[in-house]
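This report describes the arrangement of one protein model for a reader who is new to the subject. Please look at the sequence and the structure before reading on.

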Amino acid sequence: MSSLFDLTGKVAIVTGASTGLGQGMSIGLAEAGADLLLVDLVPSSETEQAILKLGRKAYSVVADLLNMNSIGLIVNSALEKYGRIDILVNNAGIIRRTPAIDFSEKDWDEVMQINAKSVFFLSQAVAKDMIKRKEGKIINIASLLSFQGGILVPSYTASKGAVAQITKALANEWAKYGLNINAIAPGYMATNNTKALREDPVRSKQILERIPAERWGTPDDLKGAVVFLSSHASDYVNGHVLVVDGGWLAR
Ligand code: NAD
């Protein structure tokens, strides 16, 4: 059974890999045997060191997903270093908090570019290599706000709704080529992304009270889900959004 989840010899790209959930998932993939290309706005040095210590390969690529030229740079770097791409985790994401009535066009556009548009076009670029080889795993990081409206984060909610739908659209077109496109929807996880919420005593108490597991999630909590969706264990799972939320949506 353990061989179903074995990623030895597989090459994974993870975006937003320097910290938070991307760092946790990168280390989880390496623990399962994968070699990594770590993409972020800043060098992913800490993540790279942790992976090298595990005896796997890791390269850090600095790229800004606000800029569409980054897509080619990322794919070319992976192909140059490893010659193939088996797994893509579209994890990089940003959030902007402002009441909808005052929300700026800049905050709308930047969030949609990084959280949704780059997810689609990086998937498209990577799929060109995967389709040739008739296998590949793409995992998009969605959110509880792929299902719920959220508060004060309208562009984030729109972008994460799009992530869930892009996941299904790509699965419909590419499953026949042996690709699996799925998403993980994390619940409330303790990372930089949720710092403002955790520092707000009222919101943090409200959030914690609703989580059946009675704790915030951690980057380690996504390791099992990302390894499952990256491995042969999920070969017949397509277009699924796997919620990892300590039970939030069940309440
Ligand atoms: P984080 O802010 O800790 O990490 C996000 C990473 O993305 C950072 O390393 C950042 O440098 C990188 N990034 C941001 N803009 C970028 C750009 N233009 N180009 C390249 N990289 C860029 O947040 P996180 O909580 O680890 O979030 C990871 C993903 O999980 C995001 O898509 C987020 O929306 C999603 N998510 C987080 C939570 C949560 O509770 N933390 C819940 C649901 C979904």
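Why does Q23 count as buried? The relative accessibility of Q23 is 15%, and Q23 therefore counts as buried (buried means under 20% relative accessible area, exposed over 50%, partly exposed in between, with a 1.4 Å probe and protein chains only). Q23 lies in helix α1, residues 20-31 (helices are DSSP runs of H or I of at least four residues, strands runs of E of at least two, numbered from the N terminus). Apart from neighbours within four places in sequence, Q23 is in contact with G16, A17, S18, E46 and T47 (contact means heavy atoms within 4.5 Å).

The model is predicted: local features need pLDDT of at least 70 and side-chain atom pairs count only at pLDDT 80 or more, while totals for chains, interfaces and linings use all residues. Residues are numbered from 1 along each chain as its sequence is written, and side-chain values use heavy atoms, with hydrogens and water left out.

## The sheet

Strands of a sheet pair through backbone hydrogen bonds, either parallel or antiparallel. Here, seven strands form an open sheet with parallel pairing, in the order β3-β2-β1-β4-β5-β6-β7 (two strands pair if DSSP finds at least two bridges between them). The edges are β3 (58-62) and β7 (241-244); each has a single partner strand, so one side of each is left without a neighbour in the sheet.

Strand β2 (residues 35-40) runs parallel to β3 and is joined to it by five bridges. Within this pair, L36 stands opposite A58 in β3.

## Helices against the sheet and each other

Helix α3 (residues 69-82) packs on the sheet, where it touches β1 (11-15), β2 and β3, and its direction makes about 155 degrees with that of β2 (axes are lines fitted to C-alpha atoms, for helices over the stretch in contact, and angles run from 0 to 180 degrees between N-to-C directions). Helix α5 also packs on the sheet, touching β5 (136-141), β6 (179-186) and β7.

The axes of α4 (residues 105-133) and α5 (residues 154-174) come within 8 Å and cross at roughly 15 degrees. That angle makes α4 roughly parallel to α5 (under 35 degrees is roughly parallel, over 145 roughly antiparallel, 65 to 115 roughly perpendicular and the rest oblique). Residues making this contact include W108 and F120 of α4 and Y156 and W174 of α5.

## A glycine in helix α8

G224 is found in helix α8 (residues 223-230). With 52% relative accessibility, G224 counts as exposed. G224 and G28 are 196 residues apart in sequence and 7.6 Å apart in space, C-alpha to C-alpha.
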